[in-house]
Amino acid sequence: MRRGCRLCVARYAGQPGTGGCLGHLDGMRLFEARCGLDGARYGPVGYATGHRLVLPRSGAYLMRINGREVFVDSGAALLIRAGDEMRVAHPLGGGDTFTDVILDAEIADRWPRSAYRFPLDDATDLDHRLLIATCRREFDALAAGERLQSLLDRLAPHAAWRGSGSPATAVAHRRLATEAREVLAEGRYADGLAGIAARVNCSPHHLSRIFRSVTGETLTAYRNRMRVRAVLSDVQDGADCLRTLAARYGFADQSHLTRVVRKHLGRPPNAVVRILRSSTDVQRRDA
């Protein structure tokens with residue numbers, strides 16, 4: 001890691017939380033950070049001084065980008081362009097972790113101006129975590145640079161908002177989907193559909209239909225993706241007892257955790273742990 005890099009040491013100086021420079025790659029800079037901000041209300045307005053790709057790893061919060069509210073979790077990356085107006089709120093508390101990639105204009109211009117939110121499928125999320133592992137080890141600029149370029153190539157922009165009906169209906173539907181994601185971000189992975197629906201004050205059928213309409217996936221699929229990523233974040237922070245992780249994130253038992261991880265990543269948890277902790281490059285299943 002390049003936590004002492006003189007060009008980067010000031011980036012998080014005076015900011016709540018912790019952060020450090022992972023490296024300089026092909027004209028880009030990579031930081032990893034744990035946010036120390038807290039508070040349910042939106043903070044003061046800030047303006048982006050450069051182009052940034054934010055890759056969340058754990059936690060969840062709300063952000064307004066040029067007046068549009070976005071629920072931020074490890075399900076999607078955010079592209080923030082120079083001059084964008086930003087405000088952040090942490091109704092679920094702080095402590096979220098993320099990777100911050102400072103982009104040059106040429107790379108940011110790969111995507112249309114309307115694109116700002118990019119889905120992170122399971123393979124891309126694992127690429128992100130392997131990039132961090134590569135940077136944390138004895139730094140190899142070529143290996144890390146290739147991983148970063150591969151990750152950028154995998155990101156495909158999708159529509160900022162989904163939904164149908166009047167603008168007011170679309171806003172209400174997005175808000176309902178956000179509330180459901182907030183319930184899961186609180187760690188309530190073991191709740192059933194009825195329990196989540198009760199917490200957001202709607203019927204299970206309505207929640208299931210609207211969530212899929214807004215996000216493009218079922219609530220069950222989203223829940224499983226988020227808890228697999230929660231497990232990966234804990235593993236990268238040093239956790240090694242899969243039985244404990246299974247109980248923590250609402251799996252029936254360790255075997256259930258193993259099945260879900262294998263379904264999403266194509267590998268059992270022990271293999272993923274070795275990949276994240278090993279200095280050996282990993283072969284893709286489809287290579």
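Predicted model: local features only at pLDDT ≥ 70, side-chain atom pairs only at ≥ 80, totals over all residues.
## A buried aromatic pair

Tyr-189 counts as buried, at 8% relative accessibility.

The structure holds three aromatic pairs. One of them is formed by Tyr-189 and Tyr-249, in an edge-to-face arrangement with 5.8 Å from centre to centre and 70 degrees between the planes. The pair links distant parts of the chain, as the two residues are 60 residues apart. Tyr-189 belongs to the loop between helix 4 (167–185) and helix 5 (193–199), and Tyr-249 belongs to the loop between helix 8 (242–248) and helix 9 (254–265).

## A charge over a ring

Another contact with an aromatic ring involves Arg-227 and Phe-251. The charged end of Arg-227 sits over the ring of Phe-251, at 4.0 Å from the ring centre.

## The cavity

Rolling a probe the size of a water molecule over the atoms shows where empty space is left. For this model, the count comes to one cavity of 30 Å³ or more. The space in the largest cavity is about 40 Å³. Two elements give two or more residues each to its lining: helix 7 (219–236) and helix 10 (269–277).

The residues that line the largest cavity are Val-231, Leu-232, Val-235, Val-261, Pro-269, Val-272 and Val-273. By class, this lining has seven nonpolar residues, no polar residues and no charged residues.

How many residues of strand 9 are buried? Seven of the seven residues in strand 9 (residues 97–103) are buried, so this strand is largely enclosed by the rest of the structure. Both faces of strand 9 are covered.

Strand 9 pairs with strand 2 in the antiparallel sense over six bridges. Within strand 9, Val-101 is the bridge partner of Leu-30. Strand 9 also runs antiparallel to strand 4 (residues 51–58), and seven bridges join these two. Here Val-54 has Asp-100 of strand 9 as its bridge partner.

Four strands form an open sheet in the order 3-8-5-6, with antiparallel pairing. Strand 3 (46–47) and strand 6 (68–72) stand at the edges. Each edge strand has a single partner strand, so one side of each is left without a neighbour in the sheet.

In this sheet, strand 5 (residues 61–65) and strand 8 (residues 85–89) pair in the antiparallel sense over four bridges. Arg-64 stands opposite Arg-87 in strand 8. Strand 5 is also joined to strand 6 by five bridges, and these two strands run antiparallel. Met-63 stands opposite Val-70 in strand 6.

## Loops and backbone angles

Which residue takes a positive phi in the hairpin of strand 5 and strand 6? The residue is Asn-66, with a phi near 50 degrees, and the hairpin has two residues between the strands. Asn-66 is a residue other than glycine, and it lies in the loop between strand 5 and strand 6. At 46% relative accessibility, Asn-66 counts as partly exposed.

Asn-201 is another residue that has a positive phi without being a glycine, at about 60 degrees. Asn-201 is placed in the loop between helix 5 and helix 6 (204–215). With 70% relative accessibility, Asn-201 counts as exposed, because the exposed class covers values over 50%.

Leu-37 is found in a further loop, between strand 2 (28–35) and strand 3. At 38% relative accessibility, Leu-37 counts as partly exposed. Leu-37 and Ala-89 are 52 residues apart in sequence, and their C-alpha atoms are 8.4 Å apart in space.

Terms used
Residues numbered from 1 in each chain as written. Heavy atoms only, no water. 1 Å grid on protein atoms, 1.4 Å probe; cavity = no way out; pocket = protein on both sides within 12 Å on 5 of 7 lines; lining within 4 Å. Points joined across faces, edges and corners; volume = space filled by probe spheres on them. Nonpolar A, V, L, I, M, F, W, Y, C, P; charged D, E, K, R; others polar. Phe/Tyr/Trp six-rings, centres within 6.5 Å; stacked < 30°, edge-to-face > 60°. Buried < 20%, exposed > 50% of the residue type's maximum accessible area, 1.4 Å probe, protein only. Lys NZ or Arg CZ within 6 Å of the ring centre and 35° of its normal. Pairing = 2+ DSSP bridges.
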